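Biologist: I have the sequence and the model open. Can you walk me through the fold?

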Amino acid sequence: MIDLWPHWFRPWWLLLLPLLGWLLWQLWHRQKRAGRWQMILPPAFHAVLLSGGNGRESKSPWVLLGLAWLLAVLALLGPSWQRVEQTSQKPADPLVVLLELTPQMLATDSPPNRLEQARRKLYDLLQARSDAQTAIVVYAGSAHTLVPLSDDLATSRNLLEALRPSIMPEPGHRADLAVEKALALLKHGGLGQGRLLLIGSSLSKQERQGIRLLLQGNASPALSILGIGSREGTPVTQESGEFLKDEQGAILIPRLDSPTLKAFANEMGGRYRAARLDDKDLRQLGVLDPPQTLLSDGQRLHLRHLGRPGLLAAAAAFAAGRLRRSPRLAVLLAPAAARLAATQLRLRVAGPVAARRPARPAVAAKTTARRSCRAFCRPPVARCGAV
């Protein structure tokens, strides 16, 4: 799409126009003040001692300088006449993490404890899936949504840092309720089938049966399991400082039930891996794989690019060629030339403009001019002494 009025990539360069106008005005008046020597020196010496000694002040160099500055500012503004519309897309790979938040997660067989190791795994997972939708559901005797389907990494990290088993309202172990909550999140999200990842150490027979009923059918998402803990287990020190005990009052030693978890994950169409210190376990589970499909988010990006910037460069090069006779003005054009070179605009100006030089006077005229200059110039001016 081509617009009649261009789009400016860097409009703040317009603030430079008043400064350049003021600078051009000062330079022109400085030239006029320098021209007062024409009223002091005899007319016969104007051609030798003064620039523009014919008595006429040409305005064309200043007009060309102003034009060159204006074209340089236009080039810095970054005009664009062409626009391409592109629909933005996001990965369509929703994942719901089911995190066990029971007192057994305080066991120290996975230093510093199981909950801290699970938290670090979730940090790595969220960081790797920063562009995808991820939800977190915590469960004990009941299940609760900690983070809905979102790609807000900062909010998820803040909520994970505050997790403690004591915040759960009901004691127990009901992973099936967490799966039910996760299916509701995927349904309301409308991002596709999605996947489930359970992080825990064991599943009872009742939990496994409830999950089977929820995930039966071909349209159900796959359930993968990340095991936390060790086969030997260790006593659990609760937040109160006491050891965790069972109903008979014996010290409870929770153990990682890897065989049962692995068999159940295979039955649900997923994978099982025990937690490691690196991210190899998450990669083998497939939760770090890039998404296979993209989903439009309804937003359109307008991508603009420069249309025919060579016209500005050619005009600036023409003005620079006309001002080649004035070294001071050529220096003032150096920023524009550097900007055009930085944008890789390759120009070939055919036929360099030949510099015109005034004819040198005779040696006798030079001697007379120097003597007259010493008589009239007090103190001597650098321009009068350079012949």
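Biologist: Start with contacts. What share of those with a separation of 6 or more comes from residues 24 or more positions apart?

Modeller: Residues 24 or more positions apart account for 78% of the contacts with a separation of 6 or more. Contact here means heavy atoms within 4.5 Å. One caution: this is a predicted model, where local features need pLDDT of at least 70, side-chain atom pairs count only at pLDDT 80 or more, and totals for chains, interfaces and linings use all residues. Residues are numbered from 1 along each chain as its sequence is written, and side-chain values use heavy atoms, with hydrogens and water left out.

Biologist: How many helices and strands are there?

Modeller: The protein has 15 helices and nine strands. Helices (H or I, at least four residues) and strands (E, at least two) are DSSP runs, numbered from the N terminus.

Biologist: And what percentage of the residues is buried?

Modeller: Of the 387 residues, 36% are buried. Buried is under 20% relative accessible area, exposed is over 50%, and partly exposed is in between (1.4 Å probe, protein chains only).

Biologist: On to the sheet. What is the strand order in the open sheet of six strands?

Modeller: The order is S5-S4-S3-S6-S7-S8, and the pairing is mixed. Two strands pair if DSSP finds at least two bridges between them. Neighbouring strands of this sheet are turned by 15° against each other on average, direction ignored.

Biologist: Which strands stand at the edges?

Modeller: Strand S5 (143-150) and strand S8 (272-274). Each has a single partner strand, so one side of each lacks a neighbour in the sheet. S8 pairs with strand S7 (residues 223-227) in the parallel sense, over three bridges. There, Gly227 stands opposite Ala274 in S8.

Biologist: What about S3 and S4, in which sense do they pair?

Modeller: Parallel, over six bridges. Leu99 faces Val138 in S4 across the pairing, and Glu100 stands opposite Tyr139.

Biologist: Is S3 buried or exposed?

Modeller: Six of the six residues of S3 are buried, so the strand is largely enclosed by the rest of the structure. In a regular strand the side chains alternate between the two faces of the sheet. For S3, both faces are covered. Leu95, Val97 and Leu99 are buried on one side, and Val96, Leu98 and Glu100 on the other.

Biologist: And how many residues of S4 are buried?

Modeller: Six of its six. Thr134, Ile136 and Val138 are buried on one side of S4, with Ala135, Val137 and Tyr139 buried on the other.

Biologist: Core next. Which residues touch the most other members of the largest nonpolar core?

Modeller: Leu99, Leu125, Leu160, Leu197, Ile199 and Val287, out of 31 residues. Such a core is a set of buried Ala, Val, Leu, Ile, Met, Phe, Trp, Tyr and Cys residues joined through side-chain atoms within 4.5 Å. Elements that give two or more residues include strand S3 (95-100), strand S6 (195-200) and helix H10 (280-285). H5 gives the most, with six residues.

Biologist: What is Leu125 in contact with?

Modeller: Leaving aside neighbours within four places in sequence, Leu125 contacts Leu95, Val97, Leu197, Leu282, Val287 and Leu288. Another core, of 26 residues, lies apart, with Leu149, Leu185, Leu196 and Ile211 among them.

Biologist: Back to H5. At what angle does it cross H6?

Modeller: Helix H5 (residues 114-128) and helix H6 (residues 153-161) cross at roughly 175°, and their axes come within 11 Å. Axes are lines fitted to C-alpha atoms, for helices over the stretch in contact, and angles run from 0 to 180 degrees between N-to-C directions. That makes H5 roughly antiparallel to H6. Angles under 35 degrees count as roughly parallel, over 145 as roughly antiparallel, 65 to 115 as roughly perpendicular and the rest as oblique.

Biologist: Arg119 is in that helix. Which residues does Arg119 contact?

Modeller: Beyond neighbours within four places in sequence, Arg119 is in contact with Leu160, Glu161, Leu163 and Arg164. Arg119 counts as buried, at 8% relative accessibility.

Biologist: Last one. Where is the cis peptide bond?

Modeller: Between Pro111 and Pro112, with omega about -5°. Pro112 is in the loop between S3 and H5. Most peptide bonds are trans.
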